[in-house]
Amino acid sequence: MNRIEITEVLRTVPLFKELTSNELNEIVNIAQYRQYKKGSHVFMQDDPLENVYFIYKGKVKIYKNDINGKEQIVTVQKDGDMFPHVGFFRKGNYPAYALVLEDTQAVVISISHFENVLLQHPQVSIKLFRVMGEKIVDLQNRLEAQILNNTYEQIIKLIMRLCNTDGKVLSDGRIMMTTQYTNKDLANMIGTTRETVSRTFTKLKKKDIVEIDEKGNIIVDPETLEDELFL
């Protein structure tokens, strides 16, 4: 991928959309294009923290393992997303694993080089803080759900969140998740069991709130799903 193509890729990243051509060129000058195959790791937990990644096309799962080896999914990054967000504010090692869910094209930037760009262009820093603010609010909402809601309500809120971040609106108003999550994946996102998620989906399907099509896609009626929280 040449410089012109890297420029076009970076223009799809929300963080850079409002930059002038000269400002974007500063970032293109320190960027590299890379491809990652499905099933490979972009980095491993505790690897030296060196780069940030901007996805052009593809999906990458960020997850951690606890001391017992149990997986905890942090998030799934897709087209236009950057990771890890902590890269600019800490030194040391990557705090999680990054597993490629489907063949992925990405632009990679050295953290040390990018920090220099941030110092020279404060408007990029402001945009980054906004993105970080959105992530902090999301984490606060997830923590609040774990504290205040029972497991059934937590699963409903998780489905609602994934519909917002990873959903496609269908012609009938329902939302289809564009990533196929297994019950185990969903359970690992909120620290519950696969069986509990399965029972919840069975209940939601009986109420015609959730459907799983022949391809395994999760399709949700968002209004009735939200109403389920207040019954």
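Four strands of the predicted model form an open sheet in the order β7-β8-β10-β9, with antiparallel pairing. Strands are DSSP runs of E with at least two residues, helices are DSSP runs of H or I with at least four residues, and both are numbered from the N terminus; two strands pair if DSSP finds at least two bridges between them. The edges of the sheet are β7 (167–169) and β9 (210–212), each of which pairs on one side only. Neighbouring strands of this sheet are turned by 25° against each other on average, direction ignored. Strand β8 (residues 175–177) is joined by two bridges to β10 (residues 218–220), and the two run antiparallel; I175 stands opposite V220 in β10. Helix α7 (residues 194–206) lies across β9 and β10 and runs at about 110° to β9. Axes are lines fitted to C-alpha atoms, for helices over the stretch in contact, and angles run from 0 to 180 degrees between N-to-C directions.

Residues are numbered from 1 along each chain as its sequence is written. As the model is predicted, local features need pLDDT of at least 70 and side-chain atom pairs count only at pLDDT 80 or more, whereas totals for chains, interfaces and linings use all residues; side-chain values use heavy atoms, with hydrogens and water left out.

The loop between β8 and α6 (183–190) contains T179. T179 is buried, with a relative accessible area of 8%, where buried denotes under 20% relative accessible area, exposed over 50% and partly exposed in between (1.4 Å probe, protein chains only). Neighbours within four places in sequence being left aside, T179 is in contact (heavy atoms within 4.5 Å) with K59 and D166. The side chains of T179 and D166 make a polar contact at 2.6 Å. Such a contact is a pair of N or O atoms within 3.5 Å; within protein, one must be able to donate a hydrogen and the other to accept it, and residues adjacent in sequence count only if both atoms are side-chain atoms.

A further set of pairings involves β3 (51–65). Of the 15 residues of β3, 11 are buried, so this strand is largely enclosed by the rest of the structure. β3 pairs with β6 in the antiparallel sense over 11 bridges, and K57 has Q105 in β6 as its bridge partner. Six bridges join β3 to the antiparallel strand β4 (residues 71–77), in which V76 is the partner of K61. β3 and β4 form a hairpin with five residues between them, and G69 in the turn has a positive phi of about 85°. The antiparallel pairing of β3 with β5 (residues 82–83) comprises two bridges, with F54 and M82 as bridge partners.

In helix α1 (residues 3–11), I6, T7, V9 and L10 are buried. These residues cover an arc of only 160° around the axis, which puts them on the same side of α1; the arc is that of the directions from the helix axis to the C-beta atoms. The cover over the buried residues of α1 includes α2 (21–28), β1 (31–36), β3 and β6 (97–110).

The protein chain has eight helices and 10 strands, and buried residues make up 43% of its 231 residues. Its C-alpha trace spans about 55 × 45 × 30 Å along the principal axes. Among contacts between residues at least 6 apart in sequence, 68% join residues at least 24 apart.
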